[in-house]
Amino acid sequence: MSGALIGACTGVKQIFQGLPGVVCVKPNTQHKTHTTQSWEFLGLDYYQASTSDLLKKAKYGEDVIVGVVDTGIWPESRSFDDSGYGLVPARWKGICQTGAGFNATISCNKKIIGARWYAGGMDAEELKGEYMSARDLNGHGTHVASTIAGGPVRNVSYGGLAAGAAWGGAPRARLAVYKACWGRGSCGSAAVLAAIDDAINDGVDVLSLSLSLSLHEEIPGTLHAVARGIAVVFSAGSDGPTAQTVWNAVPWVLTVAASTIDRSFPTVITLGNNEKLVGQSLYFNATLNTNEFHSLIYAEMERTSEEPESDTVEKVGEPEGEPGVEQQEQAEEQGDDAPVFGYFYPADGGDV
């Protein structure tokens, strides 16, 4: 499978659709990217033997190559230290692509064994202030990569909260980074397809995509990855808990949803009548605490009241509506002049 991004002019979509080996031609729409206790809670404790010893039996993911399609990576994080790692697996065929703030000889190592980035077809607004490289400005990709394969790091916390050791589910796995998402977490269809295509050819064993198209739409290329023996793992999104809110629910991939955990961060709020309410919060800056009372607001209403009616605020991990639907409609309104991409099966078996 191969793909190409085309700046289309009038009639070009119909021309490409009629060519031998062309599977699909469609608009290049934009989509969205979807703790220290988690793996211990799941019985995958790095430091202590568990009942199943599953992590040990799996050799801590030793030399498994995980491709992460996301917002890139911050290579200086201690989670990606390559101390104690052997040579890069000989089956690896990928590259470490140099770019802004990302030097291939420094940013890649025996842990981060590959890095690529894809900015073609992206909205210029999403690229403002970005690193034109695999370096992660957003932070989402670094979070995902360390959750998957981060090495053990002791004495970490969020402002003193959740203190402990952090490690990934497969802490000895290698990482291949494919930056196809930019800015606030916007991922172009063409960029994601190109990343999947490269990951297949580079030799990844597992492909992770913590992102989604519209609710019931598959991401092109994933079936071909599975056919090549690659396990493809998606996030289930951040919607719910109502019915039919699971994203990426196609039958050939693993779709992983978040759940509750055996830990909480209780916080006491004292009202003006001295009534105390116990909730949860990640607020940790006790130096700002005073005896002064403040008004209570509902954050969602406050956010909405400050925005123009024509605008929406989209947060990473909190899809508003169905990502991709609005963009799809906009592309259709533009007619044949909308940028499109296609994926092909060339007759000679080569790449497009």
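## Disulfide pattern

Counting bonded cysteines along the chain, the disulfides of the protein chain pair as 1-2, 3-4. A disulfide here is a pair of cysteine sulfur atoms within 2.5 Å. The model is predicted: local features need pLDDT of at least 70, side-chain atom pairs count only at pLDDT 80 or more, and totals for chains, interfaces and linings use all residues. Residues are numbered from 1 along each chain as its sequence is written, and side-chain values use heavy atoms, with hydrogens and water left out.

A search of the whole structure turns up two disulfides.

## Cys96 and Cys108

Cys96 is joined to Cys108, S to S 1.9 Å. This link connects distant parts of the chain, 12 residues apart. Cys96 lies in the loop between strand S4 (65-70) and helix H4 (104-107). Cys108 lies in the loop between H4 and strand S5 (112-117). Helices (H or I, at least four residues) and strands (E, at least two) are DSSP runs, numbered from the N terminus.

The torsion about the S-S bond of Cys96 and Cys108 is about 85°, so this disulfide is right-handed. How do the two ends compare in relative accessible area? Cys96 is partly exposed, at 22%. Cys108 is buried, at 11%. Buried means under 20% relative accessible area, exposed over 50%, and partly exposed in between (1.4 Å probe, protein chains only).

## Cys181 and Cys187

The sulfur atoms of Cys181 and Cys187 sit 2.1 Å apart and form a disulfide. The S-S torsion is 105°, and the link of Cys181 and Cys187 is right-handed. Cys181 and Cys187 are both buried.

## Helix H7

Helix H7 covers residues 189-202. At 1.5 Å a residue, its 14 residues should span 20 Å, and the end C-alpha atoms are 20 Å apart, which agrees. The expected span is 1.5 Å times one less than the number of residues in the helix.

H7 is mostly covered, with 11 of its 14 residues buried. Among them are Ser189, Val192, Leu193, Ile196, Asp197, Ile200 and Asp202. Alanines are on the buried list too, including Ala190, Ala191, Ala195 and Ala199.

## Whole chain

The protein chain holds 10 helices and 17 strands. Of its 352 residues, 39% are buried. Its accessible surface is about 19000 Å², and carbon and sulfur atoms account for 54% of that. Accessible areas come from the Shrake-Rupley method with a 1.4 Å probe; for residues, only the protein chains shown count as cover.
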